[in-house]
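Today I am opening my notebook on a new structure.

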Amino acid sequence: MADTTIDIAGLRREYTQAALDETTLAPNPFDQFQLWFEQACKGGLLEPNAMIVSTVDAEGRPDSRTVLMKKLDAKGLLFFTNFESNKAEQIAANHNVSLLFPWYGLERQVIINGTAEKASMAEALAYFATRPLGSRLGAWASPQSKVITSRSLLEGKLDEMKRKFANGEVPLPSFWGGFRVTPRTFEFWQGRSSRLHDRFRYHRVASTDAWIPERLAP
């Protein structure tokens, strides 16, 4: 590979948009996340609900990909996928996952570590019904994470699904549904000048079910 003409080591910027301290931190990490998420949405960020989901395979090797959070409630965060995908199979073997929301435009990130379990069928049905027709057909057409020989195979399968469900009623596939991530820790990261970033990690105290925030060095 040829050397790039871009000075990669010199790519840097000062983070000066905001600060995060004990006086403004919400007592509950779900409330803090809700506040930041709403600010990310209002800030015009591209796909503010996009999160990097990291899992591990059978050999303990990490695997990451971007998915979209589709629901947030008091029990956790939901995303939806093909249950035969790599991530779903890895979650089935090891429920521990890490989520990362990279809100670069606000000089922020949120890291959530927790466990993932399948969401209820009712939740999957309710969400699937809201998807555009093309997305519902695509869920049937794609053998997610499997090796395919060409894109034309996918397009042919999509055409087949269009004919099969020509009446517009596309049922929920048996191999498709949701995962709810129950957080174990939240970390809120706010960029600051001189790389002295503000970092706060919440962990739950099992005996009281309360959340305790602690400041971390950047």
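Entry one, rings. I looked for linked rings and found a cluster in which ring pairs join Phe30, Trp36, Phe186, Phe188, Tyr202 and Trp211. My pairing rule: rings of Phe, Tyr and Trp (its six-membered ring) pair if their centres lie within 6.5 Å, and planes under 30 degrees apart count as stacked, over 60 as edge-to-face and the rest as tilted.

A note on what I am reading: this is a predicted model, where local features need pLDDT of at least 70, side-chain atom pairs count only at pLDDT 80 or more, and totals for chains, interfaces and linings use all residues. Residues are numbered from 1 along each chain as its sequence is written, and side-chain values use heavy atoms, with hydrogens and water left out.

Entry two, pairs. I found 20 aromatic pairs in the structure. Tyr15 and Trp189 make an edge-to-face pair, 6.0 Å centre to centre with 75° between the planes. Tyr15 sits in the segment before α1 and Trp189 in strand β7, so this pair ties together parts 174 residues apart in sequence. (Helices, H or I of at least four residues, and strands, E of at least two, are DSSP runs numbered from the N terminus.) I also looked up Trp189 itself: it is buried, with a relative accessible area of 15%. Buried means under 20% relative accessible area, exposed over 50%, and partly exposed in between (1.4 Å probe, protein chains only).

Trp140 and Phe165 form a tilted pair, 5.4 Å centre to centre and 50° between the planes. Trp140 belongs to helix α4 and Phe165 to the loop between α5 (151-164) and β7, so the pair ties together parts 25 residues apart in sequence. Phe165 is buried too, at 10% relative accessible area.

Which members of the largest nonpolar core touch the most others? I found Phe33, Phe101 and Trp103, out of 33 residues. Such a core is a set of buried Ala, Val, Leu, Ile, Met, Phe, Trp, Tyr and Cys residues joined through side-chain atoms within 4.5 Å. Helix α1 gives the most to this core, five residues. Apart from it I found another core of 15 residues, including Leu137 and Phe175.

With contact meaning heavy atoms within 4.5 Å, Phe33 touches Met69, Leu72, Leu77, Phe101, Trp103, Val110, Ile112, Phe186 and Phe188, leaving out residues up to four places away in sequence.
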